[in-house]
Protein chains: 8
Amino acid sequence: MEIQDILRQVKEGTLSVKEAEGLLNMGSYEEMGYAKLDTGRRERTGFAEVVFCSGKADSHLLSIYERLYEKEGEVFGTRASNEQYELVKARFPQTVYDPVSRILKIEKEGKPRTGGVAVCTAGTADIPVAEEAAQTAEFFGTYVERVYDVGVSGIHRLLSRLDVIQRANCVVAVAGMEGALASVIGGLVSRPVIAVPTSVGYGANLHGLSALLTMINSCANGIAVVNIDNGYGAGYLATQMNRLAEQGGA
Amino acid sequence: MEIQDILRQVKEGTLSVKEAEGLLNMGSYEEMGYAKLDTGRRERTGFAEVVFCSGKADSHLLSIYERLYEKEGEVFGTRASNEQYELVKARFPQTVYDPVSRILKIEKEGKPRTGGVAVCTAGTADIPVAEEAAQTAEFFGTYVERVYDVGVSGIHRLLSRLDVIQRANCVVAVAGMEGALASVIGGLVSRPVIAVPTSVGYGANLHGLSALLTMINSCANGIAVVNIDNGYGAGYLATQMNRLAEQGGA
Amino acid sequence: MEIQDILRQVKEGTLSVKEAEGLLNMGSYEEMGYAKLDTGRRERTGFAEVVFCSGKADSHLLSIYERLYEKEGEVFGTRASNEQYELVKARFPQTVYDPVSRILKIEKEGKPRTGGVAVCTAGTADIPVAEEAAQTAEFFGTYVERVYDVGVSGIHRLLSRLDVIQRANCVVAVAGMEGALASVIGGLVSRPVIAVPTSVGYGANLHGLSALLTMINSCANGIAVVNIDNGYGAGYLATQMNRLAEQGGA
Amino acid sequence: MEIQDILRQVKEGTLSVKEAEGLLNMGSYEEMGYAKLDTGRRERTGFAEVVFCSGKADSHLLSIYERLYEKEGEVFGTRASNEQYELVKARFPQTVYDPVSRILKIEKEGKPRTGGVAVCTAGTADIPVAEEAAQTAEFFGTYVERVYDVGVSGIHRLLSRLDVIQRANCVVAVAGMEGALASVIGGLVSRPVIAVPTSVGYGANLHGLSALLTMINSCANGIAVVNIDNGYGAGYLATQMNRLAEQGGA
Amino acid sequence: MEIQDILRQVKEGTLSVKEAEGLLNMGSYEEMGYAKLDTGRRERTGFAEVVFCSGKADSHLLSIYERLYEKEGEVFGTRASNEQYELVKARFPQTVYDPVSRILKIEKEGKPRTGGVAVCTAGTADIPVAEEAAQTAEFFGTYVERVYDVGVSGIHRLLSRLDVIQRANCVVAVAGMEGALASVIGGLVSRPVIAVPTSVGYGANLHGLSALLTMINSCANGIAVVNIDNGYGAGYLATQMNRLAEQGGA
Amino acid sequence: MEIQDILRQVKEGTLSVKEAEGLLNMGSYEEMGYAKLDTGRRERTGFAEVVFCSGKADSHLLSIYERLYEKEGEVFGTRASNEQYELVKARFPQTVYDPVSRILKIEKEGKPRTGGVAVCTAGTADIPVAEEAAQTAEFFGTYVERVYDVGVSGIHRLLSRLDVIQRANCVVAVAGMEGALASVIGGLVSRPVIAVPTSVGYGANLHGLSALLTMINSCANGIAVVNIDNGYGAGYLATQMNRLAEQGGA
Amino acid sequence: MEIQDILRQVKEGTLSVKEAEGLLNMGSYEEMGYAKLDTGRRERTGFAEVVFCSGKADSHLLSIYERLYEKEGEVFGTRASNEQYELVKARFPQTVYDPVSRILKIEKEGKPRTGGVAVCTAGTADIPVAEEAAQTAEFFGTYVERVYDVGVSGIHRLLSRLDVIQRANCVVAVAGMEGALASVIGGLVSRPVIAVPTSVGYGANLHGLSALLTMINSCANGIAVVNIDNGYGAGYLATQMNRLAEQGGA
Amino acid sequence: MEIQDILRQVKEGTLSVKEAEGLLNMGSYEEMGYAKLDTGRRERTGFAEVVFCSGKADSHLLSIYERLYEKEGEVFGTRASNEQYELVKARFPQTVYDPVSRILKIEKEGKPRTGGVAVCTAGTADIPVAEEAAQTAEFFGTYVERVYDVGVSGIHRLLSRLDVIQRANCVVAVAGMEGALASVIGGLVSRPVIAVPTSVGYGANLHGLSALLTMINSCANGIAVVNIDNGYGAGYLATQMNRLAEQGGA
């Protein structure tokens, strides 16, 4: 259907303003002066707005938490510091902070988690990124299994957990250094693998760029790559895939 | 369950050899001298082996098509030349070749296509890569809608096709030059976007690396990136996601 | 004005469908099967559609020239080959081809050229890119002065043409190798300098990337950089600036 | 006219020394020992000298502010710290400092602002760079409209402000991460777009290089790129373009 | 022998579970919650697990030292800080720390060192990396000769120590800046040269990448390159080569 | 021993000229006008001179083969074309050429091969590089086992050949695309792994640079990396290691 | 002396026009339509104009040779093809072409060569670049000694020619692959070393960039680096240095 | 003369041990445990050893200053901190420290300076690198003229100092950002230009790499490039060139 048709139908009354807006996907937003809160996001994408805490001024952070809490009844923030935890906790005592993943959240109780996603790491130093992925997916209703420290230099550790990996709706593979984990998992499963390169390593790891290139060039199929250290993005993508499996197609 | 336990149970007879093999995911393969045909692949990953035709010697190509046809009743090859088409057609008259996508296939008739995936391109020069993605997905049973030439420099073209894009189980976004298409689509849909950078462009496009970086750094969520010009990989990943939606979770 | 308001006014009849479309900038396009001809482009941007000839199939190229000629009465194509010239000339005998700039055009007669833009090159090898810029600007109604072979290794050549450079509405500086020309001109004029790095050079010129970096890092102000060898883009930008000077502000 | 001719005319008295100097564009400068103050800059380029405060010794900074204030009656400095503000304020109480843009200025009162430039950002983290651009343009007499937080992942925010963007003499597009904003705006306006990549982002953003590549490779026309985080350069270029529109051609 | 055969033999009793495990190289591991201690490593690779101390939480570090000490009677850690030394020493008073190599170890007394490896550096700033290599090799039973500060800008220093270099089972060449040392040594010896680029240098050394490229492109043969600053990896590889010479082939 | 001492002893007659030369490792060379044939190489390094055929003029190639045949009774050349084969065969009918590895050799009969080296590839496209490595090692007296097409996307193929890999004196791992094979093998063996990145792949493989980075950053120990496609270098290094095992230490 | 003063003195007659021009270094040039022949170059820099033949149209090449021959009595061209040789020879039978260096020249007879420069190469494949350097220096009056094939993998070849290298006024070191030759020579001589990286090599040589980085990062002092394969530039610089030694300071 | 001949002559007494050593250029060195002081350097290269202070332990620094002072009567150190100044001054009260260039020296009085070298900078931020170059050259006996803040964005500042630049034996051009200064100077002088890229700048300056590429790709001839921020290397090279002019050829 052409735009012109939509407008014509609005004019002719066969389409309501609201319907037209939906078709055009023109959600609303809320002007906050320094920002435009994308309040149409949940309807458009299925995910409420999330707060990237790092670098936000205290007053801004607090007002965003307040505004989102008011609207959603819960708030999910990433890359938060301990100081920001103290700040938000003073206002919302129910706030929870995890220093490993650096996630700062106020979460509704009793939310169900369905489906199944496996989050794997090559080493222990990759765990912070993996936890960001896992907790993001959990917050959005995904059941997560953790399979940590199964890097390819001791491949029997990975093989011993194959059952968990193979039954997941998708697998998140988090690895720094040479990032070979994604390729190995990709050859063993029938579901998509979300590959997260990390900046773990030194020297020619180029702050994660080497692992990124490894994953992009994977000889295995079904490897979906996200940005370096982007645990949140991986958890988001994993949730989307898990929902496809749980809720079925359009 | 530990490996040792598996072996012990095999010894004790509480586990058959076949069951143990399944658990270990140790599919078989067929030694062809110059290659090891991964005959366990379909069972392990849900996809039969595919032929990367480019650079293969004539005799090797033909014997691989023969061996796979015998085993699967159909064969799917990518990056084929017109000469290779002539070669295979002489042996299998039912062979079909598409010079745009460079796909060379022998396909069973009447295969159903289910679900729905949208394949979009920024420009017309991106169509060969998009067709490789689309036809790969179709071969593996996915219903595909094509939305071509909807690049961001004339964004109304994209917006006028939003309905198709928003109802797909996933969207494949194929773009060269600056590769901005993936980000724009990512903000408009609730399903995963598979981003395929192409080598289309010139100068500082770095043979597709610039578009790849754009997609990896996307400010939108739910963007899964594959290698430059990797239409096949995108079609594979799209099929996995489409199957999640059609077949449900594990 | 919010989108919702537009739609409401359309519904209430205080806004016509056409007006609403204009506000939304939703120009139309023409579906050609393999492409979406952006027929709203002239109205939206002030420039008719231009043809990037390189790599286009003969039948596509010819039909695009026919369609655009029908609509605009003239057609402008870049990166054309001599073979494409023969093809188009057979259909439109008035076609003109310049093997240096590789521009293939059918142009209305007697078009005026106004204002003034200076196009400079560092060396003679940069002339093809400069001509693409100059002829693009001329096609779109700009008066152009050429100042070629005035590279910084013999700076008196540039200084002797300062009068031309300083009275232009903007200056296009085309340079390969180390690309220093843009910085020197930038320090001598009050108008914007459009810097075009070229792939001319060898060794560590990185196919033009070195010149691009030079221009992006210029110590002079007022330097606007475009892609390597992008003469068309420079001519387009120069026309926009020339129009600002000739037609005044909004 | 050749240099030799100029000199001959000076000798013959048909050209005054002052006229000859103008032709040669040989402005004067003031030797300050550690620096050569380019006092001919305003006449040559239309802009008075600006101070890059970062890294300057206190005594140097103060003497430069004093010298320029004496000459121009106002001073404009960028990348200043709060400590430098305290230093300059002690000498000039009318000094104003903006910690967001880090601009430290003494400005004449009642200066008019004419024309119109739109400064847009993709996210809120891009605002410091955008403010440097906006305030630079304002200082040099340009009327500026701010359109912040309109990144492409929620494109309706941008579309709702199209009127502002389309009526500007030029648009400054400030974006980090993948930098797609410039391309989208470029396709919607008829005036030049000045693209400013920022270092906002993480991982493969390469400290802004990825956004820079995106903008250089834009599929839209009329995109003029400046260095990463170079708000000042963008404001300068925007002023030049705005002046073209307001003051007309040469 | 096929996997299937192994399992069949286990079932038939012609192969013990332990033998099968050995064939499959499926060593065991110890689940520590946050990590999977690879306790099969020594049997599989001939080297006990080593601790990468940098970034480990105090409690984790201590428990790993305790667990490994219990199992091996000694522990070898790299990239340790002085604070970590104090921590471990409080529990194991026999702990030794070398602030140059940053190695933190508890070592059995009276271990023999056999064979011979030469560790060379180009400059004095490369010594920390060289010491990590040398002490790693020594811990694993290798006799090491140090030949430091023999860079190619004063090549007589190297030539005067040729006897030591030529009689070693392998040579470790540690160099930053341009890293030419490895090529020169490679042309003078009959045994492998392990080349370790270091991040020593400035400017275009690209944090060691330049030296890495030098070594990878060496015109000499027999150059085995490891990661930048990877002294541990070089010591490990040197030990493997020394063992080949001392223990003979399989 | 210092250089001065050597010279003094020569003067005093306690050292013969020949001995002194040996100590200084100053082998002789043969001046051929356009080249200096390094005739002391075998004594110094244990390997006779090898011919890099690519790009050599016909007359030069032939004279080098003649000169080396005269001296060694056999000649080994790499990167040869079929035309060069015809050229050399006309002079030496016993010449053998392998179009896969592009090795052109005249070899003595009945040479023994001892020890054992495993040469593995990830895919079939990596075989040319692997054959260059294998045949180089064989020419220099090494017994080689080939384990081809065992890439990590079907890891059971590799595991089924573990016995061969684990008993080798060293393993050559040849892989393009993401190059993960080296890491996986590295974790399974006690001997050194020589990692050879290949230029096999496309897109972001950067002509082999991605695989090189993967191997340099390997999380496994004992990985010795050589240049992209450098099969000869790997075969040379493998021979050195095999000789260590067969001939023992110094 | 300030510009203003010059002009004033011209006006007052205390300075002739010619003198003023000399002071301003404003040499003349000759407008050739497509180029500006820098006829003041010899006076300004001490070198006549040289022709970069590659890519020049036949008619342009011939007219440039004619014009320069008329003015200088000799012409020096680089990067010429055999076809260009035939073209120029037909007009000037005394033309000489060297297919190795690709230099195409008409040279006056009996020109003296003074001083002394050593041109060294690492391998035989570097000779074309070295010959471009050597013959450039010779054309401009420098006495050259060639020291070829003295790469660092057989360092005795270099040491045996030390006398030649140490007595030269400067040394040109031409090397591809890892480019270590420059560093080794730099440590052995008291005069400047001009380092020329070449594109000789493969894999991670990055078309000469690796050798360039090696030379820029040299641990030796007195290393002056020019562009990859820039033999002409090295010969030019060597001539400048040789002239300093032969003609003395200003 | 061949090595063998040297040794034979030593044996036969026609060559003294000392003469032979000279021919072999085998200077001596002094073993300091952690370093090998290259005491033969002055004889071999004409420059005494210089101290790179940065990162040296206090005890090492002091003992090196003591040892060199004892041997040379003066010491020259670069990249020193104020703390190191205090340390050395306590032992040698005559020590002088310049916080701009970071040079820490004890210098003999009344040393003559001869010849002439011009050291230029593009901006004031490049002065620290320029001072390192200038003071290095002065320490080694070169007369230096400083021409600072003459960047190409105000080219009249450079032109007004042409007399100084053109009469120097060589010119050091120090520039960050886009580094165009070297090309402009290169076209104006007949003597070599030593180009020093600096890390001054931001964004895409890549910490000086962009300026380095500019200089390496210069369209002007006679440009000798050194490493980023390598003022010392430039001063060394300038001294070598100045000595050529002052002392004449070999």
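Does I155(C) count as buried or exposed, and at what relative accessibility?

Guide: I155(C) counts as buried, because its relative accessibility is 3%. Here buried means under 20% relative accessible area, exposed means over 50%, and partly exposed lies in between, with a 1.4 Å probe and protein chains only. Two remarks on conventions come first. The model is predicted, so local features need pLDDT of at least 70 and side-chain atom pairs count only at pLDDT 80 or more, whereas totals for chains, interfaces and linings use all residues. Residues are numbered from 1 along each chain as its sequence is written, chains are lettered from A and ligands numbered from 1 in the order in which they are written, and side-chain values use heavy atoms, without hydrogens or water.

I155(C) sits in the loop that links β8 (142–147) to α7 (156–159) of chain C. Such labels are DSSP runs numbered from the N terminus: helices (H or I) have at least four residues and strands (E) at least two. Setting aside residues up to four places away in sequence, I155(C) touches V184(C) in its own chain, together with I155(H), V184(H) and L188(H). Contact here means heavy atoms within 4.5 Å. The C-alpha atom of I155(C) is 19 Å from that of S190(C), a residue 35 positions away along the chain.

Chain A gives a view of a whole chain. Its 250 residues are 64% buried, and it has eleven helices and eleven strands. The C-alpha trace of chain A spans about 65 × 50 × 40 Å along its principal axes. Of the contacts in chain A with a separation of 6 or more, 63% link residues 24 or more positions apart.

In chain E, strand β4 (residues 75–78) is covered on both faces, with V75(E) and G77(E) buried on one side and F76(E) and T78(E) buried on the other. Strand β3 (residues 51–52) of chain E runs parallel to β4(E) and is joined to it by two bridges; two strands pair if DSSP finds at least two bridges between them. V51(E) stands opposite G77(E). Together with helix α4 (residues 58–72), β3(E) and β4(E) form a right-handed β-α-β unit: with the strands pointing away from the viewer, the path from the first strand over the helix to the second runs clockwise. β4(E) also pairs with β6 (residues 103–106) of chain E, antiparallel and over three bridges, and F76(E) has K105(E) as its bridge partner there.

In chain G, an open sheet of four strands has the order β3-β4-β6-β5 with mixed pairing. β3 (51–52) and β5 (96–98) of chain G are at the edges with a single partner strand each, so one side of each has no neighbour in the sheet. Within chain G, β4 (residues 75–78) and β6 (residues 103–106) pair antiparallel over three bridges, and V75(G) has I106(G) as its bridge partner.

A helix of chain F can be examined for its buried side. In α5 (residues 82–91) of chain F, Q84(F), Y85(F) and V88(F) are buried. They lie on the same side of α5(F), because they cover an arc of only 105 degrees around the axis, the arc being that of the directions from the helix axis to the C-beta atoms. The exposed residues E83(F) and A90(F) are on the face of α5(F) turned away from that side. The cover over the buried residues of α5(F) includes α4 (58–72), β5 (96–98) and β6 (103–106) of chain F.

Two loop residues complete the tour. D229(G), in the loop between β11 (223–225) and α11 (231–247) of chain G, counts as buried at 18% relative accessibility. Its phi is near 65 degrees, a positive value in a residue other than glycine. M177(H), in the loop between β9 (170–175) and α9 (181–186) of chain H, counts as partly exposed at 27% relative accessibility, and its phi is near 45 degrees, likewise positive in a residue other than glycine.
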